[in-house]
Amino acid sequence: MKFDKKALLASSIIAGLAMAAPSMALAQSQEDEDDQRPQPSSQQATQVGEVVITGSRIRRNEFTATQPIQVITAEQATLEGLADTSEILQGSTAANTATQINNFFTGFVTTGGPGVNTISLRGLGAQRTLVLVNGRRVGPAGVRGQVGPADLNTIPGSQIERVEILTDGASSIYGSDAVAGVINIITRTNLDGGRAEVFYSQPLERGGEELRANIGQGWTFDRGYVSVAGEFYRRSPLRFGDRDWFDCPQAHVYRDPNYQIRADVIDPETGEFKCQSVTANVISVWSGPRAGTDFMPDPSAVLGGGPNGCDLNGLRQVRAFFIGGGFNGAGQSCAVPGTAPAALQRAMFARTPAHSDRYGSRTAVSPVDRYSISAFAGYDLTPTTEIFGEFLFNRRESEQNSWRQIWGIFDEGHPANPYPFDAEPTLLLNTDQDQQVDYYRGVAGIRGQINAMGGWDWELAAQYSRSRGTYGGNFFYADRFEAALDPSGCDTSLLTTASSCPVGGLQLLTNDAVLFGRLRPEDEAFLIGYEQGTTTYTHAYVEGIVTGNLFNLPAGPLGAAFGFQIRREEIDDNPGEQARNGNSWGQSSAGRTTGSDTVREVFAEFEVPVIRSVPLIDSLSLNLSGRYSDYDSYGDNTTYKVGLNWQITPAWRIRASQGTSFRAPALYELFLANQTSFLGQAAIDPCRQALARSTNPTLNANCLAAGVPEGYGTGVSSSALIITGGGIGILNPETAEAQSIGLIWTPAFVDLSVALDYYKIEVQDEVRQFGAANIVSACYFSDDFANEPLCSLIVRNPPTDPTRPSEIVSVNDSYVNIARQESEGLDLTIRYAHRFGFGDLTLNGRFTHILNWESQLFNASAPTQNHQRIGSPDFVGQVSARFDRGDWTYFWNTDIVGETSNADFLTPPNSGTYFGEPVFFKRFTDHHITHGFSIRRRADQWTLQAGVNNVFNTSPPITSASGGGTRIGNTPLASQYDWIGRRVFFNISRAW
């Protein structure tokens with residue numbers, strides 16, 4: 001039964017009033033202190049030294065910030081048992097309302113390539129979240145032609161001191177990409193002494209083990225410091241066969257609305273609900289009286305056996321399908337059409353091989369090894385001038401193991417075809433991918449103070465980063481496969497990568513090949529290849545800034561910051577030869593992507609004290625910032641931001657901001673070489689049988705105008721080629737407007753902090769792919785078909801084409817400015833602390849509620865609601881309790897994910913039919929709550945910690961295959977849910 005969202009929100013807020021977390025920014029220059037210490041009042045805050053807060057370039061002595069900021073310290077992450085930078089950031093409430101890209105996305109196309117880990121605030125996309133390290137933007141890393149967002153793999157978790165998450169637009173401060181917010185990762189830069197640490201996490205079931213070992217040493221002296229550190233991190237693979245919620249994908253349909261009585265088909269071989277992962281292990285008949293029928297090799301099958309008496313000797317019929325609108329010849333007597341009794345339909349499907357045991361070998365979580373070395377140094381040239389530097393090297397080695405289908409028709413009489421008919425095997429063969437990404441980052445600079453004019457700080461720094469990735473994978477040679485399918489057994493004129501075919505022909509119709517995917521060594525060597533590609537991304541910039549006070553106003557000094565930045569980025573992706581030549585069977589081709597861009601920027605910021613020490617205005621200040629950017633790729637752009645900081649009384653404060661942000665098109669969006677993929681005609685073409693079925697006169701008229709004959713689309717068809725490329729010369733930058741307003745309460749009579757922030761971000765001219773189906777639909781439903789520009793992106797054959805009459809041949813789905821996206825919501829942060837005689841108690845709570853999140857393809861089209869769908873909950877929360885007594889620390893944390901539902905977007909929502917039987921589909925998830933705890937003891941130089949994550953072994957939710965969103969096994973492909981299960985972790989460290 002679905003959980004009441006309003007009740008969950010109300011109860012969580014009530015719980016949060018007792019369990020709280022700090023929302024104020026910590027300073028970049030502060031030491032790594034305990035993040036649970038009490039927040040100072042406004043009077044206490046004035047005693048804090050001038051610092052730089054994320055979201056501003058001006059040093060200030062106010063502890064509270066105009067912008068809403070969340071802080072996650074290294075100690076907090078350690079107590080929660082989080083060792084990986086991705087886990088630390090992606091679990092924050094500002095990110096957890098949307099699915100994040102991590103090692104769970106095995107086998108899916110992701111921006112940055114396989115194995116990449118990115119962060120998307122507010123669900124607006126990783127490319128709209130700016131990631132900084134020590135206040136400087138992180139250069140992209142990854143593989144393939146779509147490298148763009150920062151890869152969190154490049155940042156070693158052991159080097160993090162704290163993370164400051166600015167949940168507000170900040171392009172006027174930091175430039176492009178800071179649309180949804182800014183992640184500023186502050187590292188340990190000035191160690192004095194040494195530290196070694198080992199972290200290990202062991203699930204109670206095999207798979208998904210985690211290890212991190214790191215060591216660091218720092219030296220400080222009169223005029224400087226030097227520190228070095230190294231880290232090794234390993235995540236072991238989690239395979240589909242390791243967890244029940246992956247291993248056997250099932251339909252999950254129900255006979256009752258309470259979802260208690262299953263209506264799934266029973267597998268006659270196992271007596272359990274039928275697994276439905278992939279159709280394989282079959283031989284399809286394409287000629288003779290049994291054309292249109294699928295068989296599975298089965299030595300026990302005899303002629304005339306089976307439900308309809310359609311088995312052959314050694315071949316068990318598993319289904320029959322349509323050819324040219326009807327069943328062919330005598331095969332019709334073996335068909336089970338949709339009008340057949342439900343029992344007969346179910347009996348035939350029960351025999352269909354819809355699952356393979358090899359499914360369990362696929363990696364659900366990609367294994368990864370990472371090696372990192374970092375160094376920091378600073379030296380005082382004079383009492384007021386320092387030179388400094390940073391260096392990081394990171395290597396990521398990751399891989400993904402999977403499988404894919406391959407099929408092809410062997411004509412009767414083919415040397416490798418033992419059957420008296422045209423036979424097409426559907427095989428399941430293993431495919432693997434691997435990546436090695438080397439990432440280098442170096443910073444060198446000089447900074448100091450100018451004592452004139454009341455004192456000014458200045459800094460000039462240069463940063464260079466370079467990512468070089470090598471990616472490889474298995475593929476099937478298209479030329480060799482097509483040549484081997486020739487009726488003669490080998491058409492050598494089609495071979496471009498070999499001179500001959502295997503002796504006796506390519507043996508794909510053997511029982512070993514069909515049932516188990518086992519090929520003869522000579523067949524495997526002939527058909528399957530391995531090749532590598534390389535991706536290089538360089539990112540370099542020089543930045544200078546001065547900050548200080550211009551002059552005094554009645555309410556205080558006027559603070560200012562001025563600066564410039566010159567940045568250049570380059571991408572070069574060179575796929576393997578067969579990928580470039582389109583010679584990978586059934587896979588997309590990819591050209592070489594290469595391009596660069598240069599940007600020149602100037603910016604200014606002012607902190608204006610307006611009023612101080614009058615009734616209802618303890619202090620009131622404005623923060624004004626602006627930035628001018630000039631890009632070689634498209635031209636110039638300006639952004640601004642106005643912030644208000646109103647301290648009403650020592651206990652009450654209001655903060656608000658209004659501003660604009662922008663995102664320049666990423667290099668891959670500009671220069672991506674044509675990539676190809678495939679879509680079936682039924683998935684994209686509204687003209688298929690439209691003239692016979694549609695009641696839309698516009699669609700009918702446009703299909704006729706395109707030459708599509710009435711009744712088109714009833715036969716077998718080929719897939720359309722989908723082409724994706726860059727938009728250089730066409731794309732404009734995205735623009736965004738952001739508003740926020742917050743109320744903060746910090747009463748003096750109790751150590752309590754409460755912050756409630758409202759935000760709204762709207763992105764215009766969003767750069768994205770429109771989608772092939774959307775392009776075709778918009779063309780054929782257009783009221784001005786003859787002049788509709790989207791129609792020029794479609795190539796359709798005339799009805800006289802001898803091979804593919806009237807079919808859509810290709811659709812160009814390259815990057816364009818077309819979309820709008822809006823996100824609106826509330827952040828609630830609460831913290832309570834109290835010191836008892838027997839120990840210190842700290843309760844923390846942080847919650848996010850999405851009020852509205854929508855996207856719109858055209859201004860005239862209806863908005864699409866994104867939130868509350870599976871993978872995009874509109875409510876998430878984190879609650880923790882910590883108790884310190886002497887050397888001991890006891891910690892408990894709870895993560896809350898609100899309910900989601902796809903049913904609201906479907907008609908009918910949760911009902912339908914399954915093999916002719918009325919059923920209910922589970923297209924929603926209930927609220928999901930997981931708990932963890934840890935115990936830590938500090939003793940002299942040693943620190944020992946042990947804990948358990950997912951204490952009650954809460955499983956991820958189960959959804960139906962129909963309408964339940966993208967699933968992986970039986971559970972949604974969504975980062976909010978714990979796929980690993982209950983696990984214990986240990987952390988041992990020693991300092992010297």
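1. Ile-387 is partly exposed, with a relative accessible area of 36%; here buried means under 20% relative accessible area, exposed over 50%, and partly exposed in between, computed with a 1.4 Å probe on protein chains only. Ile-387 belongs to strand S16 (residues 385-407). Helices (H or I, at least four residues) and strands (E, at least two) are DSSP runs, numbered from the N terminus. The model is predicted, so that local features need pLDDT of at least 70 and side-chain atom pairs count only at pLDDT 80 or more, while totals for chains, interfaces and linings use all residues. Residues are numbered from 1 along each chain as its sequence is written, and side-chain values use heavy atoms, with hydrogens and water left out.

2. Ile-387 is also one of the members of a nonpolar surface patch, together with Trp-219, Phe-221, Val-226, Val-228, Tyr-379 and Leu-381. The accessible area of this patch is about 580 Å² in total, by the Shrake-Rupley method with a 1.4 Å probe, where for residues only the protein chains shown count as cover. Patches are made of residues with over 30% relative accessible area and no salt bridge; like charges are joined within 9 Å and nonpolar side chains (Val, Leu, Ile, Met, Phe, Trp, Tyr) within 5 Å. A salt bridge is a side-chain nitrogen of Lys or Arg within 4 Å of a carboxyl oxygen of Asp or Glu. Two or more residues of the nonpolar patch come from each of strand S7 (210-221), strand S8 (224-235) and strand S15 (368-382).

3. His-252 has a positive phi of about 50° and is found in the loop between helix H6 (244-247) and strand S10 (253-254). His-252 is buried, at 8% relative accessible area. Leu-616 likewise has a positive phi, of about 65°, and is placed in the loop between strand S21 (593-614) and strand S22 (617-631). Leu-616 counts as exposed, at 61% relative accessibility.

4. The disulfides come next. The count is four, a disulfide being a pair of cysteine sulfur atoms within 2.5 Å. One of them joins Cys-248 to Cys-275, with an S to S distance of 1.8 Å. The torsion about this S-S bond of Cys-248 and Cys-275 is about -100°, so the disulfide is left-handed. It links distant parts of the chain: Cys-248 sits in the loop between H6 and S10, and Cys-275 in the loop between S10 and strand S11 (282-285), 27 residues apart. Both Cys-248 and Cys-275 are buried.

5. Another disulfide is formed by Cys-490 and Cys-501, whose sulfur atoms are 2.1 Å apart. Its S-S torsion is about 70°, so the link of Cys-490 and Cys-501 is right-handed. Cys-490 and Cys-501 both lie in the loop between helix H8 (478-484) and helix H9 (511-516), so the pair ties together parts that are 11 residues apart in sequence. Cys-490 is partly exposed at 21% relative accessibility, whereas Cys-501 is buried at 14%.

6. Cys-779 and Cys-791 also form a disulfide, with 2.0 Å between their sulfur atoms. With 110° about the S-S bond, this link of Cys-779 and Cys-791 is right-handed. Cys-779 is in helix H16 (residues 772-780) and Cys-791 in the loop between H16 and strand S29 (794-796), 12 residues apart. Cys-779 and Cys-791 are both buried.

7. Within H16, the buried residues are Ala-772, Ile-775, Val-776, Ala-778, Cys-779 and Tyr-780. These buried residues of H16 pack against strand S25 (675-679), helix H13 (681-684), H15, strand S26 (720-724), S29 and strand S30 (808-812), where contact means heavy atoms within 4.5 Å.

8. In helix H15 (residues 697-705), Leu-699, Asn-700, Asn-702 and Cys-703 are buried. The N-terminal end of H15 is capped by Asn-696, with a side-chain oxygen 2.9 Å from the backbone nitrogen of Thr-698. Just after H15, Gly-707 takes a positive phi of about 85°.

9. Asp-827, in strand S31 (residues 815-836), is buried, with a relative accessible area of 6%. Its side chain makes a polar contact with the side chain of Thr-848 at 2.7 Å; a polar contact is a pair of N or O atoms within 3.5 Å, of which, within protein, one must be able to donate a hydrogen and the other to accept it, and residues adjacent in sequence count only if both atoms are side-chain atoms. Leaving out residues up to four places away in sequence, Asp-827 touches residues including Arg-122, Thr-167, Asp-757 and Tyr-759.
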